[in-house]
Amino acid sequence: MAIARPVRALALAAMVMWCFFIWQLFKPTASPMGPGGSGLSTKERDPNLDPTGEPEGILTHASGEYAPGPAGTARIDATLLALVRNEELDGMLQAMRDLERTWNHKFNYPWTFFNDVPFSEEFKKKTQAETKAECKYEIIPKEHWEVPSWINNDLFVESTKILKEQKVQYADKVSYHQMCRWNSGLFYKHPALANMQYYWRVEPNVHFFCDVDYDVFRYMQDNNKTYGFTINLYDSPESIPTLWPETEKFLAEHPEHVHENNAMNWLTDKSRRPSHNEKANGYSTCHFWSNFEIADMSFWRSKPYEDYFNHLDRAGGFYYERWGDAPVHSIALGLFEDKNRIHWFRDIGYQHIPFFNCPNSPKCKGCVTGRFTDGESWLNREDCRPNWFKFVGMG
Ligand SMILES: Nc1nc2c(ncn2[C@@H]2O[C@H](COP(=O)(O)OP(=O)(O)OP(=O)(O)O)[C@@H](O)[C@H]2O)c(=O)[nH]1
Ligand SMILES: [Mg+2]
């Protein structure tokens, strides 16, 4: 029986609408980066969409020399490192499972866990059960964790009220300030790390998606890298209004610390997000998202960084504002290190809610290639990688 033409047209229109609807649901989220912040500008292509393999340079692949225990000879002085609370055990186990599956079961680098209170027996037993590698459980010395003597408590309470009004997250949680300060300038002074040079920072609940078959610590050492990141973001300027002005004061006192091949233009860019630069008084707010870090502690232990951290610490902004270890580390690296020694680990698939680094590689499972966030679309504006690529490159 023939179907009337209007009915056919209607069916066709319905089919087109249905296809459009399905496409909208499943299309990959493009990574975002236009100046107004609503998606990639037409000139910018997300490099995560390009096929990604192992990095160039000297690589050491897994071998029998990485067997667990003292027999392993190929490992260098490096550790996986996590500051974590007993209550976060499940999230830690999940993060460990991901990293052991994709990387560490091949290399068996030790894990070092840090806490401001003793780890529970359950925490120790269950984390050790996730790995063949050695696990160490360390308490942070009081003098590294306590609020420093020069912080005025009344001023702190007043300041947090203002930060809260400006919607700065966690501003009134003392422990959050303590954590940021410890991660900025104290973790690498812990006696348990005295013989360690490199670390890979891991937080509870993060995800790793891609198999990595080379020793990332030896990659850092053999290719002269100081710091590796996966995600590069804008910060909330309200949390750091005087961080850049304090940095400028420090630079006036110590111009000798600035590296000739620095990333100053990435730190001070104004063109992409002018309002952030303005509110942060000259700092773009671009930073390496430090819940993921693979780095050489020699940099944190160097005189330029020691001087810089002490200056910031005395200025009080870890408490009177909410300076995070991410902008502090990033500003220091951008000023005092050769920018060619900073590496984008584009091949390490990673997620800390709500952002991803998800490369185009058959070695990755469980993340959508090129997806930057699975949260609200405005979060796409927070991606600062295009500036890093523009001013420094993708090495
Ligand atoms: N032992 C201990 N660990 C802490 C404390 N505060 C934070 N941490 C750890 O420090 C890391 C960063 O803290 P988060 O609360 O995740 O901070 P964040 O990543 O900025 O915030 P989210 O976006 O909520 O994850 C995590 O590994 C926490 O487990 C604390 O008071 N004690
Ligand atoms: Mg976190």
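Me: Which residues are around ligand 1?
Reply: This is a predicted model, where local features need pLDDT of at least 70, side-chain atom pairs count only at pLDDT 80 or more, and totals for chains, interfaces and linings use all residues. Residues are numbered from 1 along each chain as its sequence is written, while chains are lettered from A and ligands numbered from 1 in the order in which they are written. A residue is near a molecule if its C-beta atom, placed from the backbone, lies within 6 Å of it. Around ligand 1 stand L83, V84, R85, E88, N115, D116, S175, M179, E203, P204 and N291.

Me: How many residues of the shell around ligand 1 are charged?
Reply: Ala, Val, Leu, Ile, Met, Phe, Trp, Tyr, Cys and Pro count as nonpolar, Asp, Glu, Lys and Arg as charged, and the others, Gly among them, as polar. The shell has 4 nonpolar and 3 polar residues, and the charged ones number 4.

Me: Which domains supply at least three residues each to this shell?
Reply: The protein is divided into two parts, with bounds from an automatic or database domain assignment. Each part gives the shell at least three residues: domain 1 (58–140 + 195–220) and domain 2 (158–185 + 224–395).

Me: Which strand gives the most to the side of domain 1 that touches domain 2?
Reply: The C-alpha centres of the two domains lie 24 Å apart. Their contact (C-beta atoms, placed from the backbone, within 7 Å) takes 18 residues from domain 1 and 28 residues from domain 2. β4 (198–201), β5 (207–208) and α7 (216–222) each supply at least two residues of the domain 1 side. With 4 residues, the top giver is β4.

Me: How many strands does the protein have?
Reply: Helices (H or I, at least four residues) and strands (E, at least two) are DSSP runs, numbered from the N terminus. The protein has 15 helices, and its strands number 12.

Me: Why does the radius of gyration agree with a compact globule?
Reply: The radius is taken over C-alpha atoms, and the globule rule is 2.2 Å times the number of residues to the power 0.38. For 395 residues, the rule gives a value near 21 Å. The two agree because the protein has 23 Å.

Me: Over which residues is the pLDDT below 50?
Reply: pLDDT is the predictor's confidence in each residue, from 0 to 100. The protein averages 93, and 93% of the residues score at least 70. One stretch is below 50, yet has 36 contacts in the model beyond near neighbours in sequence: residues 26–39.

Technical notes:
Contact = placed C-beta atoms within 7 Å.
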